[in-house]
Structures are given as C-alpha cells and as structure tokens.
Amino acid sequence: MSIPAESTLEAYLVAEQAKFYRLAYSYLHHQEDALDAVQTAVCRALERQDSLRDPHAVRTWFYHILVNICLDTLRQRKRIVPLSEWEEAGREDPMPPDGHLARQIDALPAAVGTVIKLRFYEELSLKEISVVTGSNLNTVKSRLYAGLKKLRISMEGAEIE
C-alpha cells in the first residue's frame, strides 16, 4: 500500500521545519523574515502540491520554493526605504517641483509614456511591462529607448532656454 503524496509532503514539512528555518535565516538574517519566508513556502507548497510529480523529489522541490521566496524577500528589501532614512532625506516626492518632467512624459505618445511610467514609477522589469501591456519584449524596449531619447532632447532644450 503506497502512502499518498499529500501525506508525504505534510510529513516532510513537519519533520524538516528546523532546517527550513535555518536556510531561510541564512539568506535573510532576520528572525521574523525567516519565519515569514518558511510560512509562505509551506503555504505555497501545499497549494501547489499537485505540481509535485515525483514524491521522492519533495526535498529539492520544496527548497526551490523556499529559496525563491527568500530571494524575492531580499529583492523587496532593496526597494524599501526605512522610515528614518525617508525622514532624513526630507523629500516627499522625487518629482521636480514644477512638474516639468511629468508634463514631458504626459506629452509622449500613450504607449511610450506607459512604458516609462511602469519602468520608473512602478519599477517593473521590461519583461513585466511586456506582460502588463501585452506587447512584445522588443517592442517594450524600443518604446522605452525612444521615449528616453525624446525626454532627453526635450529636457536639454528646456535647460538651454
């Protein structure tokens, strides 16, 4: 009689939880973040257990999930500015006070402006922008570079005046 894959996964997750925490902590160096990463990985594994084709590969399958979550957490940390640094900077908005740049972006063709806003305001990758806009990756790249070129020319012209 074989043990269902579901029971195997649950037994593995319970038995190896200390190892998971150690691995997550080695990446994140913060107790709460490591615990959150393990919890997220366990939830994701349970949600996606149907994608586990070989129950004997549960270890590598789960570690893949956990490592990706840890790396995602590290990437998110880079985007977060601690409140103390924000207050020291004393800036509410990185936009120029006269809004000239925002007006220049709004003056671009809509498709080009969208790519620039997603890239620089929302910090999406070019691939993510491609998915969001439903455009080919090369199209997104050409729109970005064309838009940046137009912005540079228009901003240089504004500085000369």
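This is a predicted model: local features need pLDDT of at least 70, side-chain atom pairs count only at pLDDT 80 or more; totals for chains, interfaces and linings use all residues.
Okay, a definition to start: a residue is called buried under 20% relative accessible area, exposed over 50%, and partly exposed in between, using a 1.4 Å probe and protein chains only. Take His 64, which sits in helix α4. Is His 64 buried or exposed? His 64 has a relative accessible area of 52%, so it counts as exposed.

Residues are numbered from 1 along each chain as its sequence is written, and side-chain values use heavy atoms, with hydrogens and water left out.

Now the overall picture. The protein chain has nine helices and zero strands. By helix I mean a DSSP run of H or I with at least four residues, and a strand would be a run of E with at least two, numbered from the N terminus. Of the 161 residues in the chain, 25% are buried. Then look at contacts, meaning heavy atoms within 4.5 Å. Taking those between residues at least 6 apart in sequence, 56% join residues at least 24 apart.

On to helix pairs. Two packed helices are described by the angle between their axes and the distance between the axes. Axes here are lines fitted to C-alpha atoms, for helices over the stretch in contact, and angles run from 0 to 180 degrees between N-to-C directions.

First pair: α3, residues 31-47, and α4, residues 58-79, pack at about 135° with axes 9 Å apart. That angle makes α3 oblique to α4. For the cut-offs, under 35 degrees is roughly parallel, over 145 roughly antiparallel, 65 to 115 roughly perpendicular, and the rest oblique. Who meets whom? From α3 we have, among them, Ala 37, Val 38 and Ala 41, and from α4, residues including Trp 61, Phe 62 and Leu 66. The residues of this contact divide into 11 nonpolar, one polar and three charged. Nonpolar covers Ala, Val, Leu, Ile, Met, Phe, Trp, Tyr, Cys and Pro; charged is Asp, Glu, Lys and Arg; the others, Gly among them, are polar.

Some of those names come back in the largest nonpolar core, which has 20 residues, with Ala 37, Trp 61, Phe 62 and Leu 66 among those with the most contacts inside it. A core, by the way, is a set of buried Ala, Val, Leu, Ile, Met, Phe, Trp, Tyr and Cys residues joined through side-chain atoms within 4.5 Å. Helices α1, α2, α3 and α4 each give two or more residues to this core, and the largest share, eight residues, comes from α4. Apart from it lies another core of 11 residues, including Ile 105 and Val 115.

Those two residues lead us to the other pairs. Helix α6, residues 100-107, packs against α7 at about 140°, with axes 8 Å apart, and that makes α6 oblique to α7. Ile 105 is one of the α6 residues in that contact. Next, α7, residues 110-121, and α8, residues 126-133, cross at roughly 130°, their axes coming within 10 Å. Val 115 of α7 takes part there, and so does Ile 129 of α8.
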